[in-house]
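Good morning, everyone. Please have the sequence and the model open side by side. I will go piece by piece and keep it short.

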Amino acid sequence: MGREKYGLCKIHLSVQAPFDGRSSFPRRIRLCKTAIPVLLCMLSPAAAVVAAVRAAAGSRPAVRCAHARLLKEGLALHPPAPSLLVSAYAKCRLLPDARQLFDESPQRDLHLYSSLLAAISNSDSPALVLPLLRRMLSVDALQPDHFVLASIASASARLRSLSLGKQVHGHFVASPYSGDNVVKSSLIDMYCKCGVPEEARKVFDSMTAKNNIMWTALVSGYASNGYTDEALQLFRSMPGRGLFTWTALISGFVKAGESVRAVELFVDMRRDGVTIDDAFLLSAITGGAADLAALVLGRQLHGLSMRLGFLSSMMVGNALVDMYSKCSDIHSAREVFEEITVCDIISWTTMIVGEAQHGRAEDAFALYDRMVLAGVKPNEVTFVGLIYACSHAGLVQKGRQLFDSVKQEYGINPGLQLYTCYIDLLSRSGYLSEAEELITRMPYEPDEAVWGSLLSACKKHNNAEMSIRVADNLLELRLKYPSTYVLLSNVYAVNGKWGSVDTVRKLMANTKILKEPGYSRIDVGRESRLFHAGEVPFDVREEILAFLDELVVEMRQRGYVPDTSSVMHDLEEHEKEHHLFLHSERLAVAFGILKSPPGSVIRVVKNLRVCGDCHTVMKLMSEIFQRKISVRDASRFHHFEDGKCSCSDFW
């Protein structure tokens, strides 16, 4: 008979207001649902509002129920009900409800604006703070206080809007709140995320009291923006360094492309005995191993995650899938993926992109079908992976269907990256006119990647007229990549446009762009070797050159003819062949065959795209020596076995 009979439930109300003039209302009261309206009548209006909204405890149905109750009791517009309800709706991710309540409020004060601006700045649409701010200043003639300034600074950070952030900073300095540390903390975060940590440092130095969160934010800002030395110096001057700060430093180094130093810092942290009780650090350092394509290190981190009990973390699982994919072990990536208990869009997309890059188009499509059946909505990156799979498998019709579904079925406006991928599919497959027409129709200005993709395809399909037209369009851009200049030069040379060849060479000289030297890395046992094109390390020079000489003889007997089309055209034929002979990936694979145990997989990472001749040589080497060879280049993965490649010669 007790609780069940009277319908008691565990609803806790924190009430600060006095119950009457002589005694205070208890801080926590266990109430039945039917007692709430009685209580509201016994409290002052302000206390009743606070009690009702806090009783909702962040639950969507409860917040709406509390709002309805307040409307019924005539308290919905009684301060501080509107601002409290706006905050409660925002915490439940019910921003439209919060905005409707704001619009219906007859009197909008700073508290109400502050609540809604804070909600919007943390939402998926931070840009909505701008019209709301204009409304506050012009319609309601209110000046922002420190709470409002902090929210706008946070929105500026999320929008990466340095101009807006500077305006906020200027207003803050001239305001009565110029010493507020909460606003300064938001400004530090804004400047860091906008890529100017030196400005964040000025704000930081102006603070009288600095806590660990602010130190960490600045360390992260320096590191993630590439100021790694400054980040390390600041880190070492901190009064106290815990896991949170180590994580900010290491993840910042990984983001800045300093993965080797990030791994070294991670080892230092382990030596210092810092306990890892958060999954984010393991996820970040595993991402560093992925960037380095360091399979052995990645496996060690996998084992560490297992020992620390983080394998159930979706964040760590996603990082491991990405790491194994980028380390050319797609089978281990798939095993980890299948063990993730709950997959989010990142899990599915990472695995789909991995399968696509490894030339396993059908597996990528099967995963996509499973994802849709699981009720997970794909995003633009998902479609980039799927169309990439089509592009490298020649599946034009499938690619067309997928590209059309992006907007028609999912309401996603394709970005430039997705257009580039689709244009690449059409170009590679010989639909050059359709690709060129799409470039002129798409809602973006074509960049170097778009025109470069089409030009490469024109060269492949021997369309001289279009290649000159596309090359001229490319020449009008401010080109960044040396490979594009080389492609331009070769296209003009093949078509006898020697004046244009000179123009390209002069542009390279004037802009101080040098052809990026090719290099390849291979790990054999505990030894890691880096090979540069045209350079054979002295200690293995004779061994490798003798091996390659014998290899060329054997390959010629099998019908091999060097393909010198990718070499600069101002060289003699024998010079071109010698140039190919010493390509870095060829040297790395030769070293791997000579030094690794028989039967082991040879894994090579190259910074540039594999040339056509080396691709042919790799196929022959896998057949002659009966070895599996995996090469990760700047574009994709190539798995060579028994004289064949996973790309089916379509890459």
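One term before anything else. A polar contact is a pair of N or O atoms within 3.5 Å; within protein, one must be able to donate a hydrogen and the other to accept it, and residues adjacent in sequence count only if both atoms are side-chain atoms. Helices (H or I, at least four residues) and strands (E, at least two) are DSSP runs, numbered from the N terminus. Now look at S313. This residue caps the N-terminal end of α19. A side-chain oxygen of S313 lies 3.3 Å from the backbone nitrogen of M315.

Some ground rules. This is a predicted model, where local features need pLDDT of at least 70 and side-chain atom pairs count only at pLDDT 80 or more, while totals for chains, interfaces and linings use all residues. Residues are numbered from 1 along each chain as its sequence is written, and side-chain values use heavy atoms, with hydrogens and water left out.

Next, the whole chain. The chain has 34 helices and eight strands. Buried means under 20% relative accessible area, exposed means over 50%, and partly exposed is in between (1.4 Å probe, protein chains only). Of the 651 residues, 50% count as buried. Contact means heavy atoms within 4.5 Å. Take the contacts between residues at least 6 apart in sequence: 61% of them join residues at least 24 apart. Accessible areas come from the Shrake-Rupley method with a 1.4 Å probe; for residues, only the protein chains shown count as cover. The chain's accessible surface is about 31,900 Å², and 52% of that belongs to carbon and sulfur atoms.

Back to α19, residues 314-326. How far apart are its end C-alpha atoms? They are 18 Å apart. The expected span of a helix is 1.5 Å times one less than its number of residues. For the 13 residues of α19 that rule gives 18 Å, so the two agree. Buried residues in α19 include V316, G317, L320 and Y324. Their cover includes α17, α18, α20, α21 and β7. Just after α19, S328 takes a positive phi of about 70°.

Now α25. Its 13 residues should also span 18 Å at 1.5 Å a residue, and its end C-alpha atoms are 18 Å apart, so this helix agrees with the rule. Why do we call α25 largely enclosed by the rest of the structure? Because eleven of its 13 residues are buried. Among them are L418, Y419, Y422 and L426. The buried residues of α25 pack against α23, α24, α26 and α27. Just after α25, G430 takes a positive phi of about 95°.

On to the rings. A pair of aromatic rings is described by the distance of the centres and the angle of the planes. Rings of Phe, Tyr and Trp (its six-membered ring) pair if their centres lie within 6.5 Å; planes under 30 degrees apart count as stacked, over 60 as edge-to-face and the rest as tilted. By this rule there are twelve aromatic pairs. Y419 and Y444 form one that is edge-to-face, with 5.8 Å centre to centre and 65° between the planes. This pair links distant parts of the chain, 25 residues apart: Y419 is in α25, and Y444 is in the loop between α26 and α27. Y419 counts as buried because its relative accessibility is 12%. Y444, at 31%, counts as partly exposed.

Compare F531 and F591. Their pair is tilted, at 5.5 Å centre to centre and 55° between the planes. F531 is in strand β4 and F591 is in helix α33, 60 residues apart. F531 is buried at 0%, and F591 is buried at 2%. Ring pairs also link F403, Y419, Y422 and Y444 into a cluster.

Charges meet rings too. A charge sits over a ring if NZ of Lys or CZ of Arg is within 6 Å of the ring centre and within 35 degrees of the ring normal. K210 lies over the face of F204, 5.2 Å from the ring centre. R400 has its charged end over the ring of Y431, 5.0 Å from the centre.

Last stop: two loops. N211 is in the loop between α12 and α13. Is N211 buried or partly exposed? It is partly exposed, at 36%. A polar side-chain atom of N211 lies 3.0 Å from the backbone nitrogen of M214. G240 is in the loop between α14 and α15. Leaving aside neighbours within four places in sequence, G240 is in contact with N212 and T245.
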